[in-house]
Amino acid sequence: MFSGSGTFALLAVQSLRWGGHYHLRQKVQTGMVVTWGLRLGGHLFSRVMAAGGDSRFNKVRGNPKVFFMYWTVQALWILATLLPTLILNLEKKDKVIGIRDYIGWGLWGAGFLIETLADRQKSVFRADPDNAGKFIDSGLWSVSRHPNYLGEILLWSGMYLSASSVMSGWQHVSVISPFFVWFLLTRVSGIPILERQGMKRYGSDPRYLEYLKNVPVLFPFFKK
């Protein structure tokens, strides 16, 4: 995963160079992708180092077919998610920065802050020996069971919104980016897996069942 975030950053920068226009909107978009990629990559790398390895990667590394599928899915993830940035950076025309950009950048900022803070809170929680065998239900995790994923969805939505300011026709197909992120995290590899793991570990704990009952899966104040 941390190698994937690095690929995001490299592709964003390279697409800016390929386009060769360096409009303000393009530079801001590229900067947001690079900032996100470096932050997430660093976080995941430190987590893997603390755990002594990535058990998910170790399970697929010894199976060539599964390993190939793993990297193919990662490539599709990168392409689909980064599509608005690639289209924007290769686009010749430019428009004056407007309200759509400011809203998009604001969404990115909010999402980045939420994701960073949620990851930090969970890291601090896990580092405390007194919390061994416990689940986190404090900070942002008291209003959302997966606030880091909420931040992820918000920031990619914001980047599409700003990039769409200069899009026309078929280019708007890149709206798939935030929807793909949402689908991947809520229906495939993110929340479903973590929810099952949570029930396996803490399903006999009345406090955890109460937590599931009272705290929304993703969006605060929306329990369903």
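Contact here means heavy atoms within 4.5 Å. The structure is a predicted model, in which local features need pLDDT of at least 70 and side-chain atom pairs count only at pLDDT 80 or more, while totals for chains, interfaces and linings use all residues. Residues are numbered from 1 along each chain as its sequence is written, and side-chain values use heavy atoms, with hydrogens and water left out.

Not counting residues up to four places away in sequence, Phe 8 touches Val 33, Trp 36, Trp 77, Ile 78, Thr 81, Leu 82 and Trp 156. Phe 8, Val 33, Trp 156 and Met 159 have the most contacts inside the largest nonpolar core, which has 25 residues; such a core is a set of buried Ala, Val, Leu, Ile, Met, Phe, Trp, Tyr and Cys residues joined through side-chain atoms within 4.5 Å.

The largest share of the core, six residues, comes from α6. Apart from it lies another core, of nine residues, among them Phe 125, Phe 135, Ile 136 and Val 215.

In helix α8, Ile 191, Pro 192, Glu 195, Gly 198 and Tyr 202 are buried, that is, under 20% relative accessible area, where exposed is over 50% and partly exposed lies in between (1.4 Å probe, protein chains only). Seen down the axis of α8, these buried residues fall within an arc of 130 degrees, so they line one face of the helix; the arc is that of the directions from the helix axis to the C-beta atoms. On the other side of α8, Arg 196, Lys 200 and Arg 201 are exposed.

Conventions. Helices (H or I, at least four residues) and strands (E, at least two) are DSSP runs, numbered from the N terminus.
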